[in-house]
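Please look through the sequence and the three-dimensional view below before reading on.

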Amino acid sequence: MSAPSVNVDPTNNNYSSSNQVKREDSNDLDRDAFFKLLTTQMTYQDPLNPMDNTQFISQMAQFSSLEQMENMNANMTQFLRIQGLSEGASLIGKTVETIDPETGETIKGEVVKVTFEDGNMYAYFDEKTKVDVDGITAIYEEKEEEKEG
């Protein structure tokens with residue numbers, strides 16, 4: 001197996017390699033791509049003119065920052081999902097109203113369960129009738145006489 005070709009310009013530490021880091025989004029580097037880029041840069045640096053320590057520390061700080069932002073994003077996503085389910089659970093037992101997107105008719109029913117499917121929250125009136133919680137147009141409180149009887 002042959003080594004990748006590398007072009008080194010010792011005057012400015014610019015490196016180019018036939019090893020390319022693939023990115024799905026042209027604006028973002030993921031953690032693995034960043035780590036591979038850093039490793040490749042260190043592997044093919046000019047021994048007579050190595051990477052400046054401040055550059056290395058700066059890149060490691062960026063890597064650490066990226067890792068922390070990814071962790072925070074994952075935690076925030078989980079928090080929002082749990083919060084959404086809590087809000088959805090408050091609909092159980094209440095009468096809600098929505099508009100059927102296919103017919104344009106108003107649908108009204110008592111919520112018996114709430115689910116989270118494919119990133120969306122749904123309220124069920126029965127086992128067959130489910131509505132997107134985002135489409136709910138009205139929520140009705142129980143009346144006092146219904147609570148007593």
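With which residue does glutamate 117 form a salt bridge? The partner is lysine 130, and the closest N and O atoms of the two side chains are 2.8 Å apart. The model shown here is a predicted one, and everything said about such pairs was computed from its atoms. Glutamate 117 belongs to strand β5, which covers residues 113-117, while lysine 130 belongs to strand β7, so that the pair links distant parts of the chain, 13 residues apart. Side chains of opposite charge can pair when their charged atoms come close.

Of its 149 residues, 19% count as buried. The chain exposes about 11,400 Å², and carbon and sulfur atoms supply 50% of that area. When contacts with a separation of 6 or more are considered, residues 24 or more positions apart account for 39% of them.

Leaving aside neighbours within four places in sequence, lysine 130 is in contact with Glu117, Tyr122, Ala123 and Tyr124. Lysine 113 is 17 residues away from lysine 130 in sequence, and the C-alpha atoms of these two lysines are 9.3 Å apart in space.

Besides pairing with lysine 130, glutamate 117 has a polar contact of 2.7 Å with the side chain of threonine 115. Threonine 115 is found in strand β5, and this residue is buried because its relative accessible area is 17%, a value under the 20% limit. If residues up to four places away in sequence are not counted, threonine 115 touches Asn120, Met121, Tyr122 and Tyr124.

A search of the whole structure finds two salt bridges, and the other one to consider joins lysine 94 and glutamate 141, whose closest N and O atoms are 3.3 Å apart. Lysine 94 lies in the loop between α2 and β3, and glutamate 141 lies in the loop between β8 and α3, so the pair ties together parts that are 47 residues apart in sequence. Lysine 94 is partly exposed, with a relative accessible area of 23%, whereas glutamate 141 is exposed, with a relative accessible area of 57%.

What lies 2.7 Å from a polar atom of the side chain of threonine 98? It is the backbone oxygen of glycine 135. Threonine 98 has its place in strand β3, and this residue is buried, with a relative accessible area of 4%. Residues up to four places away in sequence aside, threonine 98 touches Glu105, Thr106, Ile107, Val131, Gly135, Ile136 and Thr137.

In soluble globular proteins, nonpolar side chains tend to be buried together. Here the largest nonpolar core has nine residues in all, namely Leu91, Val96, Val111, Val114, Met121, Ala123, Phe125, Val131 and Ile136. One of them, valine 114, is in contact with Gly88, Ala89, Ile92, Met121 and Tyr122, once its neighbours within four places in sequence are left aside.

Other nonpolar side chains are found on the surface. Met76, Phe79 and Leu80 form a nonpolar patch there, with about 310 Å² of accessible area together. Phenylalanine 79 is found in helix α2, which covers residues 53-89, and this residue is partly exposed, with a relative accessible area of 48%.

Terms used. Residues numbered from 1 in each chain as written. Predicted model: local features only at pLDDT ≥ 70, side-chain atom pairs only at ≥ 80, totals over all residues. Heavy atoms only, no water. Core = buried A, V, L, I, M, F, W, Y, C linked by side-chain atoms within 4.5 Å. Buried < 20%, exposed > 50% of the residue type's maximum accessible area, 1.4 Å probe, protein only. Contact = heavy atoms within 4.5 Å. Patch = residues over 30% accessible without salt bridge, like charges linked within 9 Å, V, L, I, M, F, W, Y side chains within 5 Å. Areas by Shrake-Rupley, 256 points an atom, 1.4 Å probe, with all protein chains shown as cover. Salt bridge = Lys/Arg side-chain N within 4 Å of Asp/Glu carboxyl O. Helix = DSSP H or I, 4+ residues; strand = E, 2+ residues; numbered from the N terminus. Polar contact = N/O pair within 3.5 Å; in protein donor to acceptor, adjacent residues only side chain to side chain.
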